[in-house]
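Please keep the sequence and the structure in view while reading.

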Amino acid sequence: MGENKFKPIAKKLLKGFGLDAYNIPRKDSKTPDFDVKGNNSRYTMELKIKGDDPEEIKQDSKALSSGEIVSKEIPTGPRNRLYAIIKEGVEQIADYDPKNKTFHVLWIHSTGRNANLLDMRFYATLFGAQDFFSIRQEGLITCYYFNESAFYSYRPSLDAAILTFFDKAGLCFKLCVNSLSPQLKKFQQSDLYKSLPQGLHDPGILQTSKKIMIADCDIDRKESNKITEYLQEKYKLDHLQTIDMKQISAMVAVPREK
């Protein structure tokens, strides 16, 4: 689904939240998409659509047509290519509203055969999310802002991101809140934030769970050992080990019945 087809869906969804979205007159390729108005808040939004890699689809189709089994182990963590898409959107919004007179929100819609996986990777790239294991706790612990994070890098100019994709049940929606934004408290009182019955992902609220950690430290994200030490001290854990999650899949072509 392209941008022109998804725009009306986005507007209708925002209308359901009590928000009116207006197309911003296009001056050039850097112009954001929507000027969004609520009762007590205003947002500048840029819409990005990301789908399948055409070259990857071509290679998979060639392998399947040759009778091969196509198996993959795909990391679900942050990705540089997705970071570049986020960076472009943030810069478009910031160029249009350099003084932050509105809330800055990036909307990313994932499509294609791996839309769910793509959505997970955008989520991890926004939050710099990393899973950990600790012998002191059962199950995995998710840390926000551990890896190179778009929200961390662009905390002065990106207040939130909307992530959407379609599955069999319909449209999946998440409002991801940048809890490092200087405008966080104001954004938490805005129409969009307060109108959501579900789908809200605010690390500031989620951290009340023992399964959530926040790396709110000014340490270079390449210094992962130092950040881990910070987390151990902050959360009083004498053991933390990173766990890199992957999605494993396999495809095979099934002959059509004559």
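A crossing of two helices is called right-handed if the near helix is turned clockwise from the far one by less than a right angle, and left-handed if it is turned anticlockwise. In this predicted model, α3 passes α4 in a right-handed crossing.

**The helix pair**

Two packed helices are described by the angle between their axes and the distance between the axes. For α3 and α4, the angle is about 70° and the axes lie 9 Å apart. Angles of 65 to 115 degrees count as roughly perpendicular, and α3 and α4 are therefore roughly perpendicular to each other. On the α3 side, the residues that meet α4 are Leu82, Tyr83, Ile85 and Ile86; their partners in α4 are Leu118, Arg121, Phe122, Thr125 and Leu126.

In soluble globular proteins, nonpolar side chains tend to be buried together. The largest nonpolar core of this model has 37 residues, and among these Ile86 and Leu231 touch the most other members. At least two residues of this core come from each of α3 (80-96), β5 (103-110), α4 (115-127), β7 (140-144), α5 (150-153), β8 (160-167), β11 (212-214) and α9 (224-234). The element that gives the most is α4, with six residues.

Apart from neighbours within four places in sequence, Leu231 is in contact with Phe132, Cys143, Phe146, Met213, Ile214, Ala215, Lys236 and Leu240. A second, separate core contains 24 residues, including Leu19, Val36, Met45 and Leu192.

**Two buried loop residues**

Ser179 lies in the loop between β9 (170-177) and α6 (184-187), and Gln183 is also placed in the loop between β9 and α6. Are these residues buried or exposed? A residue counts as buried under 20% relative accessible area. Ser179, at 16%, is therefore buried, and Gln183, at 18%, is buried as well. The table lists the contacts of both residues, leaving out residues up to four places away in sequence.

| Residue | Relative accessible area | Residues touched |
|---|---|---|
| Ser179 | 16% | Tyr145, Leu184, Asp202, Pro203, Gly204 |
| Gln183 | 18% | Asn100, Thr102, Phe103, Asp159 |

Which residue does the side chain of Ser179 join through a polar contact? The partner is the side chain of Tyr145, and the polar contact is 2.7 Å. Tyr145 is also among the residues that Ser179 touches.

Key
Residues are numbered from 1 along each chain as its sequence is written. This is a predicted model: local features need pLDDT of at least 70, side-chain atom pairs count only at pLDDT 80 or more; totals for chains, interfaces and linings use all residues. Side-chain values use heavy atoms; hydrogens and water are left out. A nonpolar core is a set of buried Ala, Val, Leu, Ile, Met, Phe, Trp, Tyr and Cys residues joined through side-chain atoms within 4.5 Å. Buried means under 20% relative accessible area, exposed over 50%, partly exposed in between (1.4 Å probe, protein chains only). Helices (H or I, at least four residues) and strands (E, at least two) are DSSP runs, numbered from the N terminus. Contact means heavy atoms within 4.5 Å. A polar contact is a pair of N or O atoms within 3.5 Å; within protein, one must be able to donate a hydrogen and the other to accept it, and residues adjacent in sequence count only if both atoms are side-chain atoms. Axes are lines fitted to C-alpha atoms, for helices over the stretch in contact, and angles run from 0 to 180 degrees between N-to-C directions. Angles under 35 degrees count as roughly parallel, over 145 as roughly antiparallel, 65 to 115 as roughly perpendicular and the rest as oblique.
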